[in-house]
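Here are my notes for your first look at this structure. Keep the model open as you read.

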Amino acid sequence: MFLLSQKPSIADHYLAELRDVDIQKDRMKFRRNIERVGELLAYEISKTLTYRTVSVKTPLGDAPSRSLLQPVVLATILRAGLPLHQGFLNVFDQADNAFIGAYRGHNIGSDEEFQVEMDYITSPDLTGKTLILIDPMLATGSSLEKTYHALLRFGIPAQTHIAAVIGCPEGVNYLQKRIPQCRLWLGAIDQKLNEQFYIVPGLGDAGDLSYGPK
Ligand SMILES: O=P(O)(O)OC[C@H]1O[C@H](OP(=O)(O)OP(=O)(O)O)[C@H](O)[C@@H]1O
Ligand SMILES: O=c1cc[nH]c(=O)[nH]1
Ligand SMILES: [Mg+2]
């Protein structure tokens, strides 16, 4: 698992602003900070990808360069994933894209449990591609796990990365147990989940903070 906050960097500044109840009132800033964390995570992931050597013609000669070998597919869980998706797309600007409509609904008969509802999924062929699954909050991990398995009907990727801004031990353990083949990339890892399955201290509801209450 990779953790942006493991070493002090500008990522800490973005994360602090994302968590701050006063700064959160500015939705544009909130979305932009999520996007910026996405750009940083995408850059970190890019360091692990495979490149082929190419020669690029400059006005003065030929420059030995590198170009991505495997196509990247960015797969994002709506709604809260959208600003994070944009950050990844700023970096992997030629990526193909998949979108999944998933949200935490309530189970019948219990106020304290939920099941992930999924009602929209679209994806290019994933066979042999580098898949990056994007969602800012890794809480229980159910949304990401369900999404990963649903996406496999579009083909088996060569490798899968999961990127989130804030995670928690419960969600990390869940994904490492259920889908150990996926590599995890997080901005920060927080203390725990509360009784409503929100990350504490976390930042609140990333979807609502980006786009308003629903
Ligand atoms: O790890 P989990 O326990 O599955 O929870 C995380 C999910 O919860 C949030 O979505 P939410 O259901 O709030 O939908 P939204 O993006 O529309 O706000 C978040 O964006 C994740 O998708
Ligand atoms: O803390 C959490 C958990 C799930 N979804 C959020 O937006 N925040
Ligand atoms: Mg939400």
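1. First, a definition: a residue is near a molecule if its C-beta atom, placed from the backbone, lies within 6 Å of it. This model is predicted. In it, 20 residues surround ligand 1. The closest are Ala 80, Ala 139, Thr 140, Ser 143 and Gly 207. Strand 5 (96-106), helix 4 (142-151) and helix 6 (206-211) each give two or more residues to this shell.

2. What is the make-up of the shell around ligand 1 by class? It has 10 nonpolar, six polar and four charged residues.

3. Now turn to ligand 2. Its surroundings are Ala 80, Met 137, Ala 139, Tyr 198, Ile 199, Gly 202, Asp 205, Ala 206 and Gly 207. Six residues of this shell are nonpolar, two are polar and one is charged.

4. Look at Arg 31, in helix 2 (residues 27-46). Is Arg 31 buried or exposed? Arg 31 is buried, because 21 other C-beta atoms lie within 10 Å, and the cut-off for buried is 20 or more. Beyond its neighbours within four places in sequence, Arg 31 is in contact with Pro 83 and Ser 210. Leu 133 is 102 residues away from Arg 31 along the chain, and their C-alpha atoms are separated by 18 Å.

5. Next, the core. The largest nonpolar core has 52 residues. Leu 74, Ala 75, Ile 132 and Ile 162 have the most contacts inside it. Helix 2 gives the most to this core, with six residues.

6. Take Leu 74 from that core. Not counting residues up to four places away in sequence, Leu 74 touches several residues, including His 85, Phe 88, Asn 97 and Ile 132.

Notes. Residues numbered from 1 in each chain as written. Chains lettered and ligands numbered in written order. Predicted model: local features only at pLDDT ≥ 70, side-chain atom pairs only at ≥ 80, totals over all residues. Helix = DSSP H or I, 4+ residues; strand = E, 2+ residues; numbered from the N terminus. Nonpolar A, V, L, I, M, F, W, Y, C, P; charged D, E, K, R; others polar. Buried ≥ 20, exposed ≤ 12 C-beta atoms within 10 Å, placed from the backbone. Contact = placed C-beta atoms within 7 Å. Core = buried A, V, L, I, M, F, W, Y, C linked by C-beta atoms within 7 Å.
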